[in-house]
Amino acid sequence: MGIIAATTNMPSSKFVSPKNGDTIPANTNFTIQMAIQHLETGHFTNANENYFAAPQVVNSAGDIQGHSHVVIDPLTSLDQTTPTDPTKFVFFKGLNDVAQNGVLSAVVDGGLPAGAYRLASINTAANHQPALVAIAQHGALDDMIYFTVSDNGAAAGASGAGAAGAASSAASASTAASSAAATAAAGRGSRGGVSAASARSAHRAVLAGLRAARIFRERERRLHIVSTTNHASVLTAPAKHSQIPIAADPSTSSPSTASSPCTTRSS
Ligand SMILES: [Cu+2]
């Protein structure tokens, strides 16, 4: 997984525009702005080639080096209670630039048709994996807000109280997701990697793991990225990842391309 951010360096974000509960005009350009902290933005790799393919790294201050994404899901109403379909978003953009004064921006060209929407961040390490932090119980590392797009500027559907309810369900959904993720992670851990393998392949796996650990430690040393705040949870890459350049080294990271799944996409 890489170097896990200390509790003092957990990233978090909050949308500045649109704000939760806002109503914006239909089919009109708008700019998403999101304030972010404890993420050293501007680090990203080509998602077509290196998606999840190298471990998370942090800078000398302990902040994760990565980037963010914004995604807008259409809703049936602001107080929708059925789960959304993650393949059915209407706007997605990787925010690959460095934040300006702590704020990341993305223009939604042409805007959106009238309706109710959910806007969420996906704060990630350079290889697009969700940010990893030192403890399972933490506040949301991402933001999620609800807004209305209207032909006439009026809020669609839910009352103010309804909108507040939607926001609070979002908060609990987010907490539930975190705990589900933690449970899943624990499940993977307890199953172990090699229990079902033959003794020989288990032995090979251990040797490969040790080799990967050695290579990873050497990279850390070269990149001077280990600080006292993040020693606690250094994890090593699986052997099959050991030759993949890590993103903190600018000479080896691949630029994102127009065809990368981490760039703008509408569906
Ligand atoms: Cu990405």
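**Close-up views of a predicted model**

**View 1. Asn101 is an exposed residue, with 5 other C-beta atoms within 10 Å.** Residues are numbered from 1 along each chain as its sequence is written. Asn101 lies in the loop between strand S6 (91-95) and S7, where strands are DSSP runs of E with at least two residues and helices are runs of H or I with at least four, numbered from the N terminus. Although Asn101 is not a glycine, its phi is positive, at about 50 degrees.

**View 2. Phe52 also has a positive phi without being a glycine, here of about 60 degrees.** Phe52 is found in the loop between helix H1 (47-50) and strand S5 (64-75), and it is partly exposed, with 13 other C-beta atoms within 10 Å.

**View 3. The peptide bond from Ser17 to Pro18 is cis, with omega near -10 degrees.** Pro18 is found in the loop between S1 and strand S2 (23-25). Most residues other than glycine have a negative phi, and most peptide bonds are trans.

**View 4. Three strands form an open sheet in the order S1-S3-S7, with antiparallel pairing.** Strands S1 (12-17) and S7 (103-108) stand at the edges with a single partner strand each, so one side of each has no neighbour in the sheet. Two strands pair if DSSP finds at least two bridges between them, and 5 bridges join S1 to S3 (residues 30-37).

Note on methods: This is a predicted model: local features need pLDDT of at least 70, side-chain atom pairs count only at pLDDT 80 or more; totals for chains, interfaces and linings use all residues. A residue is buried if 20 or more other C-beta atoms lie within 10 Å of its own, exposed if 12 or fewer, and partly exposed in between; C-beta atoms are placed from the backbone.
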